[in-house]
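The sequence and the structure come first.

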Amino acid sequence: MRQHSIAAIPADGIGKEVIAAGLQVLAELERRCGDFRLAVTEFPWGSDFYRQTGRMMPADGLDTLRGFDAIYFGAVGDPGLPDDLTLWGLRLAICQGFDQYANVRPVRLLPGIAGPLRNARPEDVDFVIVRENSEGEYSGNGGRTHRGQPEEVATETSIFTRTGVRRIMEFAFRLAMTRTRRQVSVVTKSNAQRHGMVLWDEIAAEVAAAFPEVAVDKVLVDAMTTRMVLKPESLDVVVATNLHADILSDLGAALAGSLGIAPTANIDPSRRYPSMFEPIHGSAFDIAGKGIANPLATFWTGAMMLEHLGEAPAAARLMRAIEQVTGGNFPLTPDLGGTSTTQEITAAVCSAIRREA
Ligand code: NAI
Ligand code: MG
């Protein structure tokens with residue numbers, strides 16, 4: 001029997017609720033498929049841990065995680081702590097420490113979900129955003145001088161390296177080769193940003209030349225926002241910098257109907273380190289503890305994790321179960337206009353998995 005070790009880190013707010021639900025669904029799938037086993041270890045890291053220990057995770061946290069095959073992550077964020085502390089202390093520490101340079105964010109309108117685009121059918125909204133996840137605008141490069149003085153200066157310098165840009169472009173083009181449309185849209189802003197973004201474009205063109213089967217187009221980031229809304233059917237793989245893709249993927253999540261559905265994977269394609277799978281949303285303290293968080297994003301990212309682990313049939317079975325629940329007459333959670341609880345959706349997805357024996 002194939003075995004995969006999973007580190008589960010629910011962390012804060014609704015992260016705790018959706019990861020508990022995700023583990024239930026994965027356990028059901030494991031029982032029904034019968035040909036793989038997930039050995040799950042849970043880690044109580046996050047803001048409560050910070051209050052007890054002064055750290056979001058132990059000093060040797062990355063060493064502990066290194067031996068796992070994948071990380072299943074909830075969300076960080078606590079109303080009583082600064083957001084940059086919680087984010088850099090745990091989630092970004094893992095992404096950067098494990099060089100998870102490819103952030104993959106599928107955008108699909110699932111059957112039965114009423115998205116905000118009046119005429120969009122599920123087949124019209126089906127693309128993947130590939131976000132550069134290790135450098136660019138979020139390199140943390142910069143500083144502040146003359147603190148507190150009238151002449152105070154702050155710099156935030158974007159870093160684009162040839163290696164960093166090349167590897168994310170190669171990842172995007174390889175991903176396009178696995179899809180039927182085989183198309184990459186390169187998001188840029190090289191009209192206004194004359195250094196980093198021009199290097200980005202040059203390397204995109206070099207990599208494109210090595211993938212003659214993939215159609216490529218170049219789109220300015222501002223134009224991409226309108227294209228996503230007005231012509232989503234024209235998109236397949238969208239590759240963008242850390243900042244641009246951060247913004248575009250929230251728009252993508254909205255086009256797909258709710259932040260509560262949108263999944264993401266932080267991948268180390270070299271597989272030197274474990275990759276991390278999480279819902280896009282945050283800890284949502286406005287609804288935490290109420291039992292009404294939508295767990296679908298966490299289920300979908302669980303399917304991405306199974307696929308990464310080589311369990312493609314189980315991943316497909318989980319996606320079919322999710323689509324049966326969204327496409328059936330089952331009431332969904334309040335973020336999708338329904339009245340169901342997290343637990344009711346979880347039970348519905350588990351029974352859809354069982355029905356497919
Ligand atoms: P958020 O994603 O937590 O919530 C935004 C809105 O969407 C809220 O009204 C929330 O109730 C709703 N929502 C989000 N996920 C939902 C779900 N699964 N089901 C139903 N409704 C859902 O973003 P917000 O409010 O900007 O941030 C809250 C905290 O989360 C902050 O501390 C922020 O830093 C953190 N955060 C953490 C992320 C992560 O860990 N990857 C990502 C985004 C935010
Ligand atoms: Mg974001």
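## Loop residues with positive phi

Arg-271 sits in the loop that runs between strand E11 (263–267) and strand E12 (275–279). Helices (H or I, at least four residues) and strands (E, at least two) are DSSP runs, numbered from the N terminus. Phi of Arg-271 is near 60°, a positive value in a residue other than glycine. Arg-271 counts as exposed because it has 10 C-beta neighbours inside 10 Å. Under the rule used, a residue is buried if 20 or more other C-beta atoms lie within 10 Å of its own, exposed if 12 or fewer, and partly exposed in between, with C-beta atoms placed from the backbone.

Ala-284 lies in the loop between E12 and helix H9 (296–308). Phi of Ala-284 is also positive, near 40°, again in a residue other than glycine. Ala-284 has 23 C-beta neighbours inside 10 Å and therefore counts as buried.

## Basis of the model

This is a predicted model, in which local features need pLDDT of at least 70, side-chain atom pairs count only at pLDDT 80 or more, and totals for chains, interfaces and linings use all residues. Residues are numbered from 1 along each chain as its sequence is written, while chains are lettered from A and ligands numbered from 1 in the order in which they are written.

## Gly-310

Gly-310 is placed in the loop between H9 and H10. Gly-310 counts as exposed, because 12 C-beta neighbours are found inside 10 Å. Along the chain, Gly-310 and Ala-39 are 271 residues apart, and their C-alpha atoms are separated by 15 Å.

## Helix H10 and its partners

H10 (residues 312–327) packs against helix H11 (residues 342–355) at an angle of about 125°, and the two axes are 8 Å apart. Axes are lines fitted to C-alpha atoms, for helices over the stretch in contact, and angles run from 0 to 180 degrees between N-to-C directions. H10 and H11 are therefore oblique to each other; angles under 35 degrees count as roughly parallel, over 145 as roughly antiparallel, 65 to 115 as roughly perpendicular and the rest as oblique. The crossing of H10 past H11 is right-handed; a crossing is left-handed if the near helix is turned anticlockwise from the far one by less than a right angle, and right-handed if clockwise. On the H10 side the contact uses Arg-317, Leu-318, Ala-321, Ile-322, Gln-324 and Val-325, which meet Ile-345, Ala-348, Val-349, Ala-352 and Ile-353 in H11. Two residues are in contact if their C-beta atoms, placed from the backbone, lie within 7 Å. The residues of the contact of H10 with H11 comprise nine nonpolar, one polar and one charged. In this division Ala, Val, Leu, Ile, Met, Phe, Trp, Tyr, Cys and Pro count as nonpolar, Asp, Glu, Lys and Arg as charged, and the others, Gly among them, as polar.

Helix H1 (residues 14–33) also meets H10: their axes come within 11 Å and cross at roughly 120°. H1 and H10 are therefore oblique to each other, and H1 passes H10 in a right-handed crossing. Val-25, Leu-29 and Cys-33 in H1 meet Ala-314, Arg-317 and Leu-318 in H10. The residues of this contact divide into five nonpolar, no polar and one charged.

## Helices H5 and H6

Helix H5 (residues 162–177) and helix H6 (residues 196–209) cross at roughly 45°, with axes that come within 9 Å. The pair is therefore oblique, and H5 passes H6 in a right-handed crossing. From H5, Arg-162, Val-165, Arg-166, Met-169, Glu-170 and Phe-173 meet Leu-199, Trp-200, Ile-203, Ala-204 and Val-207 in H6. The contact of H5 with H6 has eight nonpolar, no polar and three charged residues.

## Phe-127 in strand E5

Phe-127 belongs to strand E5 (residues 126–132). Phe-127 is buried because 23 other C-beta atoms lie within 10 Å. Leaving aside its neighbours within four places in sequence, Phe-127 is in contact with Val-107, Pro-232, Leu-235, Asp-236, Val-237 and Val-238.

## The chain as a whole

The protein chain has eleven helices and twelve strands. Its C-alpha atoms fill a box of roughly 55 × 50 × 40 Å along the principal axes. A compact globule of 357 residues would have a radius of gyration near 21 Å, and the 20 Å of the protein chain agrees with this. That radius is taken over C-alpha atoms, and the globule rule is 2.2 Å times the number of residues to the power 0.38.

Buried residues account for 47% of the 357 residues. Of the contacts between residues at least 6 apart in sequence, 75% join residues at least 24 apart.
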